[in-house]
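Keep the 3D view open as you read.

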Amino acid sequence: MGIIKIKNLVHDYIRRDEEGNVEGTSRAINKVSLEVEKGQFIVILGHNGSGKSTLAKHLNVILMPTEGSVWVNGKDTAEERNLWEIRQSAGMVFQNPDNQIIGTVVEEDVGFGPENMGVPTDEIWQRVDAALRAVNMVAYRHHSPNKLSGGQKQRVAIAGVVAMRPQCIILDEPTAMLDPVGRKEVIETVRELNEKENVTVILITHYMEEVIGADRVFVMDQGEVVLQGTPKEVFSQVELLKKYRLDVPQVTELAYELKMAGVELEDGILTTKELVEGLKRYLLREKGKDREGK
Amino acid sequence: MAIRVENVNYIYGEGTAYKIHALKNINLTIQDGEFIGLIGHTGSGKSTLTQHLNGLVRASSGKIYYNDQDIYEEKFSMKELRSKVGLVFQYPEHQLFEVDVFSDVCFGPKNLGLAKEEVEKRAEEALKSVGLDSSLYKASPFELSGGQKRRVAIAGVLAMQPEVLILDEPTAGLDPKGRDEILDEIGKLHQERKITILLVSHSMEDVARYVKRIIVMNQGNVQFDQTPKEVFRHYRELEKIGLAAPQVTYIMNELRQNGFLVDTDSTTVKEAKDSILRALQGRRES
Amino acid sequence: MIRDITIGQYYPADSVIHRLDPRVKLMGTIVFLVSLFLFDGFSGYLVATLFLGGAIWLSKVPLKFMLKGLKAIFMLLAISVIFNLFLTDGTVVFRIWKIQITREGIRMAVFMAIRLVYLILGSSLMTLTTTPNDLTDGMEKALSPLRKIRVPVHEISMMMSIALRFIPILLEETDKIMKAQQARGADFESGNLIQRAKSMIPILVPLFISAFRRANDLAMAMEARCYRGGEGRTKMKPLRYKRRDFIAYGVYAGYLLAVVGVSFVFQRIF
């Protein structure tokens, strides 16, 4: 079994009136099944309200399934005795950098998780050192989080999770509140963790440029996984993505537009380099054809 | 001419270890009816500058004129300035406080001391122009979706009927669809109601689609103040100050270096497509 | 304006004072505050000044930075000086109409001012050199005997440290909301008391909502990081007394003796 397995997951939010009576339910996740292998870099895409954040909360047992099951590292999230073990093996980074930093000094915040787990003092220090190195924040270890930039705060939050030595990190729109520089910092940090430390990453986002380099992409809409595959496979579906209120990187859109105008290019172009190469090949072919024509 | 900024400096924390020179000798003029993009990374001084334009922050030195009137003159009414130069803050939905959407939007015009009918008329107009469905007028602002909340907050400023509208990252945290909707509404406001707009943003892609002029700020200075095409020619310098030109600019420059005779000044996907098609045609015929 | 408050702020530096055990610093602050009320003469003040001055010097916190914290109590200081100056009976030095200033008045005013200033400097020295986490750790440990009578010491100290972390954030947020409402024409300065109180609603409602949202997020983030109360928790920075801490206790004892002794000798001689 993969590190994460979700089978027929359903989640209903229950609305209650002021007396606590059930007024109605709204379905946030509808029969989702997916599996993540160890060491993969997974991206879950979707617009606001597509159910992607709800899904994330199931992986950390902040929410429990209404129907269906979720297994993290082989442990069923519905069983209470697995709770702390799951939270330790699947760390979570949230959207708002300010609201997830508990410590008033960077290194103390990173140590918060291991402290809760009852890790001996000496080992906490080792873990904190390693975690700060992994996110490249050693120079700021004695700083107050309030004085850091958004990207730096998010890196501290990631270090806080790394220090718990999880096998899997789930990031719930970690870049939504950051500027482009911060966004880049965070994504680079996450990629490095995945490559160097072999941590499984599940990145939830609506920024398309963060998808590039992922092993697998899931697109969610109205609580369901509507599209999945490699980034290339997903981005060849420009029309479909637009239908799901997502946009594609400008280079992909440009390639798509050119193709519609009759320029033969492969599907799902994701980088400038691919486009330039594609156009060169196209030109050679066309020139060849023209010569034959003459 | 709407706003003129002359030699404005802003320093805070003077005499402490945290002294910051946030604005350094800023000079610029905003003409009536312009649509300007104000771009800079976090801490470049762009938000501080916007708060000077409606008098919320007072310059340490220098002058600001609104319609040729010195706003620091004693008899000048700051309250009136704030109604003429509307400022929508970042995450403006955090300022909502009333029991329903409609009364929240009434807050601004009510503060101007207008009659009840006028207040309501303005609120309704404002809500209409941000495209909020009238069935939501009586809903609590806290029950709305993120995008809807943001529109209500923008309507709250629009209801004061400002001549200049400044929006500080109006699309922050929204998904692509929500972002496009808000930007389109703003574009419409500019076209239909001739409101002067200053759009603060991180995203060159967003700005390139709408504005005719871009002001780039860096470390409290105005680094560039030109048309989008001219600004994007400096894409290497933009990178050095933590910004980037739209991806299209990079693509076109890359193509050019690979021998395609494309127009590197293309700023939108559509322009780029047309230019590439022309270049391909040219190469085939050569 | 809001940025001026230095009480509760931490000033990062590498000094002996910074490295002292927080319990030692807590004790020292209490000793110093109590000592201010033990004596009543110039010599006592001299010793206290030496003690405080020495501590500030050792702490490497710039004096200017410390004095900034006094701005917040300026009004209080002015009022107490004025009261003491004009309302103390004694040998008249100066008089205009019914207002008189006495020798004792001047003495009282000066002493009172010094006491207040020292009080603030002494306690802000502690907060400036101790991270809020250390401080709450110190309190938690110092108060831990109370756990036996079911006082939730860990929970209280956790609450305090979270409050300390979020106060600056909420202050900044207040500033921002105020500006946003001013941009919508709100007026917080004019009108009578009721109008002014009413004008706070547009600030307070969004502030509360934001505070609740943050609390919610934070609770979730803490749980996600395996927080489950004080039970079974280890410490990254456990408090252990070191040699310098015992020396500090020795210094306190010496200081107390000096203050009391000097005042006593001083009174005998003069």
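Chain A and chain C bury about 3200 Å² between them, with carbon and sulfur atoms giving 55% of that area. One thing to keep in mind from the start is that this is a predicted model. In terms of residues, 38 from chain A are in contact with 29 from chain C.

What holds charge against charge here? The count between chain A and chain C is 5 salt bridges. One of the pairs to look up is Glu107(A) with Lys237(C), whose side chains meet in a salt bridge at 2.8 Å, N to O. Across the interface of chain A and chain C there are also 18 residue pairs in polar contact, both residues at pLDDT 80 or more. On the side of chain A that touches chain C, H2, H3 and helix H4 (121–134) of chain A each supply at least two residues. H3(A) gives the most, with 11 residues. Sorted by class, that side of chain A has 17 nonpolar, 14 polar and 7 charged residues.

The area buried between chain B and chain A is about 2900 Å², and carbon and sulfur atoms give 64% of it.

Between chain B and chain A the count is 2 salt bridges. Arg179(B) forms a salt bridge with Asp247(A), and the closest N and O atoms are 2.6 Å apart. The polar contacts across the interface of chain B and chain A come to 8 residue pairs, both residues at pLDDT 80 or more.

Next, have a look at helix H10 of chain C, residues 201–224. This helix has 24 residues and reaches 34 Å from its first C-alpha to its last, close to the 34 Å expected at 1.5 Å a residue. Its buried residues are Pro202(C), Ile203(C), Pro206(C), Leu207(C), Ser210(C), Arg214(C), Leu218(C), Ala221(C), Met222(C) and Ala224(C). What do they pack against? In chain A, the partners of H10(C) are helix H2 (83–89), strand S6 (90–93) and helix H3 (106–117).

Since 9 of its 11 residues are buried, H3(B) is largely enclosed by the rest of the structure. Among those buried residues are Val101(B), Phe102(B), Cys106(B), Phe107(B) and Pro109(B). The cover over the buried residues of H3(B) includes helix H4 (116–129) and helix H5 (146–158) of chain B, together with H8 and H10 of chain C. At the start of H3(B), a side-chain oxygen of Asp100(B) reaches to within 3.1 Å of the backbone nitrogen of Phe102(B).

Most residues other than glycine have a negative phi.

| Residue | Phi | Where |
|---|---|---|
| Asn136(A) | about 65 degrees | loop between H4 and helix H5 (150–162) of chain A |
| Cys226(C) | near 65 degrees | following H10(C) |
| Gly113(B) | near 75 degrees | following H3(B) |

Last stop: Thr102(C), found in strand S2 (residues 99–102) of chain C. With 0% relative accessibility, Thr102(C) counts as buried. A polar atom of the Thr102(C) side chain lies 2.8 Å from the backbone nitrogen of Gly105(C). Leaving aside neighbours within four places in sequence, the contacts of Thr102(C) include Leu85(C), Thr88(C), Asp89(C) and Val93(C).

Key. Residues are numbered from 1 along each chain as its sequence is written. Chains are lettered from A and ligands numbered from 1 in the order in which they are written. This is a predicted model: local features need pLDDT of at least 70, side-chain atom pairs count only at pLDDT 80 or more; totals for chains, interfaces and linings use all residues. Side-chain values use heavy atoms; hydrogens and water are left out. Helices (H or I, at least four residues) and strands (E, at least two) are DSSP runs, numbered from the N terminus. The expected span of a helix is 1.5 Å times one less than its number of residues. Buried means under 20% relative accessible area, exposed over 50%, partly exposed in between (1.4 Å probe, protein chains only). Contact means heavy atoms within 4.5 Å. Buried area is the accessible area (1.4 Å probe) that two parts lose on being put together, summed over both. A salt bridge is a side-chain nitrogen of Lys or Arg within 4 Å of a carboxyl oxygen of Asp or Glu. A polar contact is a pair of N or O atoms within 3.5 Å; within protein, one must be able to donate a hydrogen and the other to accept it, and residues adjacent in sequence count only if both atoms are side-chain atoms. Ala, Val, Leu, Ile, Met, Phe, Trp, Tyr, Cys and Pro count as nonpolar, Asp, Glu, Lys and Arg as charged, and the others, Gly among them, as polar.
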